[in-house]
Amino acid sequence: MPHISLPEGFPGIRSLAAYRPDTGAALYALAEALLRGDSSLSQADAELIAAFTSSQNDCTFCTCSHAAAARYLFGTDKEIVDAVMADYQTAPVSEKMKTLLAIAQCVQQDARTVSDEIVANARLVGATDREIHDTVLIAATFCMFNRYVDGLATLTPTDPGAYEPMGERMATLGYVPPKYP
Amino acid sequence: MPHIQVPENAPGILGPMKFSPQTAEPMNALANALLQTDEGLSRGERELIATYVSSQNECVFCQTIHGAVASAYLGDEDWSLVKAVKEDYEQTPLTNKMKALLAIAGSVQKGGKNVTSEQVEAARHEGATDKDIHDTVLIAAAFCMFNRYVDGLATVAPSDPNIYRYRAARITQKGYSAEGEYTPQAT
């Protein structure tokens with residue numbers, strides 16, 4: 001049960017955006033700009049970093065919903081998503097993505113551990129300033145979303161099937177705050 | 001040196017925000033909605049929570065600028081109250097409600113699942129409302145983002161306290177924005 005009284009019928013972050021629409025609008029705008037905005041990082045890659053960070057933070061709602069969005073976006077390559085969450089080092093992703101996931105992992109644990117060396121490794125395999133920036137900010141942003149969603153003990157659907165339509169909606173329509181009341 | 005190329009004279013979070021205005025805009029909108037209001041918690045109390053979480057994350061830039069803003073609101077001219085809150089808030093003259101909310105913020109900083117029903121009950125017992133609890137959790141969570149953005153890109157934190165005092169005065173007057181400089185313009 002959530003720690004505070006939240007609008008019923010909304011899971012996870014949606015219940016919080018319905019509870020306080022002004023902060024909700026800013027949070028959804030940030031997710032939209034970061035995951036679906038203009039970047040050389042594809043939408044699928046951005047969602048992959050979001051799902052990976054959320055799984056490292058053990059946030060079930062964010063992991064399941066962003067993994068579902070990433071699976072939808074990767075289409076026939078959707079097995080990439082679960083492989084990355086299980087062990088990104090052996091997952092079938094590019095060397096560049098592996099170096100970006102290494103940066104995301106450092107951000108999740110302690111951002112001060114993002115060293116010149118791991119950034120240099122990412123550059124060596126083609127990562128740009130924009131991609132490094134976006135990776136750090138996606139990982140940082142999900143360290144916020146995960147804590148917000150779990151810190152207030154929001155409703156987390158237990159049926160994996162519930163996340164599939166959620167992921168498709170996020171991947172196609174984007175981040176639109178819920179209408180409430 | 002920052003990990004990416006950011007504009008000169010843009011210390012701390014201002015550098016990456018100028019690099020990426022499209023994400024800076026909603027981040028500043030969040031900071032303004034969350035910190036620039038006295039509805040429930042006061043501006044000074046909100047900034048104290050932000051400062052405490054930033055110190056737990058050992059983010060020098062964020063704890064110094066938000067500490068300076070908190071001090072400006074709370075009449076803490078020599079920054080001694082903010083320093084005491086960072087060191088051990090239990091020993092400060094803060095209200096029991098604020099102490100209970102800082103305990104929740106401390107749990108959020110470690111990970112959202114660390115917030116217990118007992119902590120929430122204790123805060124309610126001291127008069128915290130749903131909105132106070134909500135805002136505390138979101139401020140703490142948001143600074144787990146801001147701190148990581150600032151340190152994950154190895155931005156530069158100025159060492160001169162006057163730079164933070166100057167910027168803090170500007171924030172109390174105009175709110176959060178990626179515009180403007182951290183140092184007074186030469187006249």
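Q: Where does UniProt place the feature "domain: Carboxymuconolactone decarboxylase-like" in chain B?

A: A quick word before we start: this is a predicted model. The UniProt record, an unreviewed entry, puts that feature at residues 21-70 and 87-154 of chain B. Over residues 21-70 of chain B, the chain is 80% helix and 0% strand, with the end C-alpha atoms 26 Å apart. Residues 87-154 of chain B are 72% helix and 0% strand, and here the end C-alpha atoms lie 25 Å apart.

Q: And where does the record place the feature in chain A?

A: In chain A, UniProt (again an unreviewed entry) gives residues 21-91 for "domain: Carboxymuconolactone decarboxylase-like". That span of chain A is 76% helix and 0% strand, and its end C-alpha atoms are 38 Å apart.

Q: What makes up the secondary structure of chain B?

A: Chain B has 9 helices and 0 strands.

Q: Why is chain B called as compact as a globular protein of its length?

A: For 187 residues the globule rule gives 16 Å, and the radius of gyration of chain B is 16 Å, close to that value, so chain B is as compact as a globular protein of that length. Along the principal axes, the C-alpha atoms of chain B fill a box of roughly 50 × 35 × 25 Å. Of the 187 residues of chain B, 51% count as buried. Among contacts in chain B with a separation of 6 or more, 67% come from residues 24 or more positions apart.

Q: What span is expected for helix 9 of chain B, and what span does the model give?

A: Helix 9 of chain B runs over residues 161-174, which is 14 residues. At 1.5 Å a residue the expected span is 20 Å, and the span from the first C-alpha to the last is 20 Å, close to that expectation. Just after helix 9 of chain B, Gly175(B) takes a positive phi of about 80°.

Q: How do you know that the buried residues of helix 9 of chain B are on the same side?

A: The buried residues are Ile163(B), Tyr164(B), Arg167(B), Ala168(B) and Ile171(B). They cover an arc of only 130° around the axis, so they sit on the same side of helix 9 of chain B. In general, an α-helix has 3.6 residues a turn, so residues three or four places apart point the same way. Helix 4 (60-74) of chain B is included in what covers these buried residues. On the other side of helix 9 of chain B, Asn162(B) and Gln173(B) are exposed.

Q: Why does Ala139(A) count as buried?

A: The cut-off for a buried residue is 20 or more other C-beta atoms within 10 Å. Ala139(A) has 31 C-beta neighbours inside 10 Å, so it counts as buried. Ala139(A) is found in helix 8 of chain A. Beyond its neighbours within four places in sequence, its contacts are Ile49(A), Thr53(A), Ala104(A), Val107(A), Gln108(A) and Arg148(B).

Q: Which element of chain A gives the most to the side that touches chain B?

A: The contact takes 39 residues from chain A and 38 residues from chain B. Helix 2 (21-36) and helix 8 (129-151) of chain A are the elements giving two or more residues to the chain A side. Helix 8 of chain A gives the most, with 16 residues. The chain A side divides into 23 nonpolar, 9 polar and 7 charged residues.

Methods: Residues are numbered from 1 along each chain as its sequence is written. Chains are lettered from A and ligands numbered from 1 in the order in which they are written. This is a predicted model: local features need pLDDT of at least 70, side-chain atom pairs count only at pLDDT 80 or more; totals for chains, interfaces and linings use all residues. Two residues are in contact if their C-beta atoms, placed from the backbone, lie within 7 Å. Helices (H or I, at least four residues) and strands (E, at least two) are DSSP runs, numbered from the N terminus. Ala, Val, Leu, Ile, Met, Phe, Trp, Tyr, Cys and Pro count as nonpolar, Asp, Glu, Lys and Arg as charged, and the others, Gly among them, as polar. UniProt positions are given in the numbering used here, feature names are shortened, and annotations may be inferred rather than shown by experiment. The expected span of a helix is 1.5 Å times one less than its number of residues. A residue is buried if 20 or more other C-beta atoms lie within 10 Å of its own, exposed if 12 or fewer, and partly exposed in between; C-beta atoms are placed from the backbone. The arc is that of the directions from the helix axis to the C-beta atoms. The radius of gyration is taken over C-alpha atoms; the globule rule is 2.2 Å times the number of residues to the power 0.38.
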